[in-house]
Amino acid sequence: MEKQPLAQNHRQWLLDQMALWRRENLVTEEQKHAILDLYQTQQQSAARQQSIAIFVLLGVAAFLVGLAVLLLIGYNWDDLPAPIKLILVVGAVLGTYAVAWHLRYRRDARTASELVFFLGAILYGAAIWLIAQIFHLNAHYPDGYWWWAVGIFPIALCLDTVLLHLLVTAILAAWAGTEILAFPGMGLWFFGRLEMLPNGCYTLPLFAFLGLIWAYHKNSRATVGLYVPLIVWWVVLQPFSWHFRENPVFFIGGIGAILLILAETHEEGSPLAIPYRFYGALVCMGVLAALSFYQFQQNAMRLESPARFFLPTLLVTLCAGAAAVAAVITQARRNAHEDYTRPVYAFAVRQWLPLMMVALMFALPVWHLIAHSANGNASPGTALLPTILANLAMLALAFWLLQVGLREERGFPFAAAVLYFLLWAVMRYIDLFSEAGGMLGASCMFFVAGAFIFGGAMFWQRQRKQHEGSQP
């Protein structure tokens, strides 16, 4: 059986507990060694970390080698006849993939084969543009990104590596950005342009969905962390595709709320929930920070057509509702032997902040729509209530992250909560009291913030000691 990796701090805890168990005669010496034999040794763990670092360096080297090959070909490119150019391009791609196949299936050199496959994927992408240049083909250039992704995505699904998935997500992100932002007026591309639908890159979710299936099958948090921001990027671009050019801040905030709902749908402590929570919290932090300013709320209310602005936010709210229903059903299936009201209660306890964010991102544009006067302007006082709600939501988000850090015993959410509260305090001082307080007020402000962070650090340290003391 393959030995499991074990972090150094966990190893030290296990060794300390083993010594205690031996003194209490709870385990024999043979049982102690049998338990330790399930995990990698300290030397094996260190070697694994070094191999990861070397793999990253070799990946960068493969990328640079690919660029060097392209520049070498391009140096005498104009002097070569077209057949020679085609042979060089196709031969370089096929030869690289042949070497990668040989290394993987003949020599069982998996790491080396993955690097050569990565090099072949780069050369394949370059070949698309070089062949078009050889035959003087003028086409819609974002299509090249799409065909590049189509060509290497099956290989990424067949290999046990994150490297090609990183390349695929980068290519798809570039495709969506260039297609939607540079050509928003073109119709949907499906082997021809369909003018009745806008140009929205609708095949990207299929790539992302298959990539996430691969990531969950491999239990790869890193791969989930690649495809989640890719989907977010695609969704954020949709208002530009559908010509909803008004301020999309509520729309983006709704996307962050959906990510938080999906994060809390996972089992408690699941590492696969971390990418959803990280990006969702990051998006919500930025949106709420902007909405917490009164002037920003006033500008958001000056819309030519609030009804058009409200429609994408309504769509996001409906999607969030669907995600919430799916989360309740998932929780119910996990606890099928219990009363159905129990999963609903557990869902509400974990999801109170995401649900609050969904409600806020839906209610604020509704408020702006109602408050909009007949001549297209709203009175200045109508921006006060949304500003207060946004500030309360910032504090609620900090408190929720604090809860997550304590619940999962992770320092990163706890530190993010403390720093976000500090950001809120500094922003409110600059916004409200900077002119009246001056340097003395700023000094008091930073003193209070420093004391708060110090208190938070001491509280976290005490919680950790209590947890370690309660371990068997």
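Predicted model: local features only at pLDDT ≥ 70, side-chain atom pairs only at ≥ 80, totals over all residues.
A salt bridge here means a side-chain nitrogen of Lys or Arg within 4 Å of a carboxyl oxygen of Asp or Glu.

In total, the structure holds six salt bridges. The general idea is simple enough: side chains of opposite charge can pair when their charged atoms come close.

## Helix α15, end to end

Helix α15 covers residues 384–408, and at 1.5 Å a residue its 25 residues should span 36 Å; the end C-alpha atoms are 36 Å apart, which agrees.

Now for helix packing. Two packed helices are described by the angle between their axes and the distance between the axes.

Take helix α4 (residues 82–105) and α5: their axes come within 8 Å and cross at roughly 165°. An angle over 145° counts as roughly antiparallel, and α4 and α5 are therefore roughly antiparallel to each other. Their crossing is left-handed. Sorted by class, the residues of this α4–α5 contact come out as 22 nonpolar, three polar and four charged.

## α5 against α6

Helix α5 (residues 110–134) also packs on helix α6 (residues 142–158), this time at about 155° with the axes 9 Å apart. That makes α5 and α6 roughly antiparallel to each other too, but here the crossing is right-handed.

Who touches whom? On the α5 side the contact uses Phe117, Ala121, Ile122, Tyr124, Gly125, Ile128 and Trp129, and these meet Gly144, Tyr145, Trp147, Trp148, Gly151, Ile152 and Ile155 of α6. By class, the α5–α6 contact has eleven nonpolar residues, three polar ones and no charged ones. As for the spacing along a helix, an α-helix has 3.6 residues a turn, so residues three or four places apart point the same way.

## α7 against α8

The last pair is helix α7 (residues 163–182) with helix α8 (residues 204–218), packed at an angle of about 160° with axes 11 Å apart. α7 and α8 are therefore roughly antiparallel to each other, and they cross in a left-handed sense.

From α7, the contact draws on His165, Leu172, Trp175 and Ala176, while α8 brings Leu204, Phe207 and Trp214. In this α7–α8 contact, six residues are nonpolar, one is polar and none is charged.

Key:
Residues numbered from 1 in each chain as written. Heavy atoms only, no water. Axes fitted to C-alpha atoms, helices over the stretch in contact; angles between N-to-C directions. Helix = DSSP H or I, 4+ residues; strand = E, 2+ residues; numbered from the N terminus. Parallel < 35°, antiparallel > 145°, perpendicular 65-115°, else oblique. Left-handed = near helix turned anticlockwise from the far one by under 90°. Contact = heavy atoms within 4.5 Å. Nonpolar A, V, L, I, M, F, W, Y, C, P; charged D, E, K, R; others polar. Expected span 1.5 Å × (residues − 1).
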